[in-house]
Structure formats: structure tokens, C-alpha cells
Amino acid sequence: QVQLVESGGGLVQPGGSLRLSCAASGIIFSIDSMGWYRQAPGKQRELVAIITRGGNINYVDSVKGRFTISRDNAKNTVYLQMNSLKPEDTAVYYCDAKCRVLGETTVRDYWGQGTQVTVSS
């Protein structure tokens, strides 16, 4: 019903930048919050940043001042600009969107397939 397609991951040196994108498609009536999570090997998935439809934003403390989340409601797309990347940012990054599809009243979580971000020299 809803597909999330991520792009923009890759290998970057410490101090470098990457920009992740996630586009939602399908029979979408509305999208509430959209966010980015990450999961490093051997660790639990953690919330990195989240943005509501109205533009309220929250970040995990470890990325404040370095990462910026934004969204284009007309395109059902969320972005994550990552600057000053550190090796500890290495993880698989997942996009999440809380969507309501046409004909339903329930808001459900939809996830992207994940994109690898590796920060290494």
C-alpha cells in the first residue's frame, strides 16, 4: 500500500557529508511524522531525527548540530543532511513514515529498506 524508497547512502571519510532521501508512494491519504532511524552492528535501532507534518523536529543528542532533517510534503519526501560525519555514525539508516492510506482511519508505520552509511578513512 505504501512504499518508501531511500537513497543517498555510501562511503565517506570522517568529516565528510552525505544527504539521504526517502520518498513515499502509494495510495496515501496523509503522512504524519517522518523520521530516520539507524542500526549499527550489534546495537539496537535508534531514532536519529523526526519531523512532523507541521515541521516540529527532534534529534538524538549525538547528531545535534551536525544533522538536519527536512521534508517536502508535496513530494512525500524526507531528507537527512549529515555533516561532520564520524565513524560512530556508521550504520544502516532506515526511513519511517506514519501514514494513513485512502479508505482507512488507522495510522500505520511504514519502513524503507535501509541504506548503508559507512564513515571510514
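Are R38 and D89 buried or exposed? Both of them are buried, where buried means under 20% relative accessible area, exposed means over 50%, and partly exposed is in between (1.4 Å probe, protein chains only). We will come back to this pair after a look at the whole chain.

Before you start clicking, note that this is a predicted model, in which local features need pLDDT of at least 70 and side-chain atom pairs count only at pLDDT 80 or more, while totals for chains, interfaces and linings use all residues. Residues are numbered from 1 along each chain as its sequence is written, and side-chain values use heavy atoms, with hydrogens and water left out.

**Stop 1: the whole chain**

Show the cartoon. You will find eleven strands and zero helices; helices (H or I, at least four residues) and strands (E, at least two) are DSSP runs, numbered from the N terminus. Switch to the C-alpha trace, which spans about 50 × 25 × 25 Å along its principal axes. The radius of gyration is 14 Å, which agrees with the value near 14 Å for a compact globule of 121 residues; this radius is taken over C-alpha atoms, and the globule rule is 2.2 Å times the number of residues to the power 0.38.

Now colour by accessibility: 41% of the 121 residues count as buried. With a surface on, the chain exposes about 6300 Å², and carbon and sulfur atoms supply 48% of that; the areas come from the Shrake-Rupley method with a 1.4 Å probe, and for residues only the protein chains shown count as cover.

**Stop 2: R38 and its partners**

Select R38, which counts as buried at 6% relative accessibility. R38 forms a salt bridge with D89, the closest N and O atoms being 3.0 Å apart. A salt bridge here is a side-chain nitrogen of Lys or Arg within 4 Å of a carboxyl oxygen of Asp or Glu. R38 lies in strand β4 (residues 28–39) and D89 in the loop between β8 (77–82) and β9 (91–101), so the pair ties together parts that are 51 residues apart in sequence.

**Stop 3: D96 and K98**

The count for the model comes to seven salt bridges. One of them joins the side chains of D96 and K98, 3.1 Å from N to O. D96 is buried, with a relative accessible area of 0%, whereas K98 is partly exposed at 24%.

**Stop 4: E6**

Which strand holds E6? Go to β1 (residues 2–7). E6 is buried yet has no salt bridge, and the nearest side chain of opposite charge, R45, is 7.9 Å away. Look instead at the backbone: the nitrogen of G114 lies 2.5 Å from a polar atom of the E6 side chain, and the backbone nitrogen of T115 lies 3.4 Å from one. Beyond four places in sequence, residues touching E6 include C22, W36, Y94 and C95, a contact being heavy atoms within 4.5 Å.

**Stop 5: G15**

Finish at the loop between β2 (10–12) and β3 (18–26), where G15 is found. G15 is exposed, with a relative accessible area of 52%. Leaving aside neighbours within four places in sequence, G15 is in contact with S84 and L85.

How values were computed
Lys, Arg positive; Asp, Glu negative; His and termini not counted. Polar contact = N/O pair within 3.5 Å; in protein donor to acceptor, adjacent residues only side chain to side chain.
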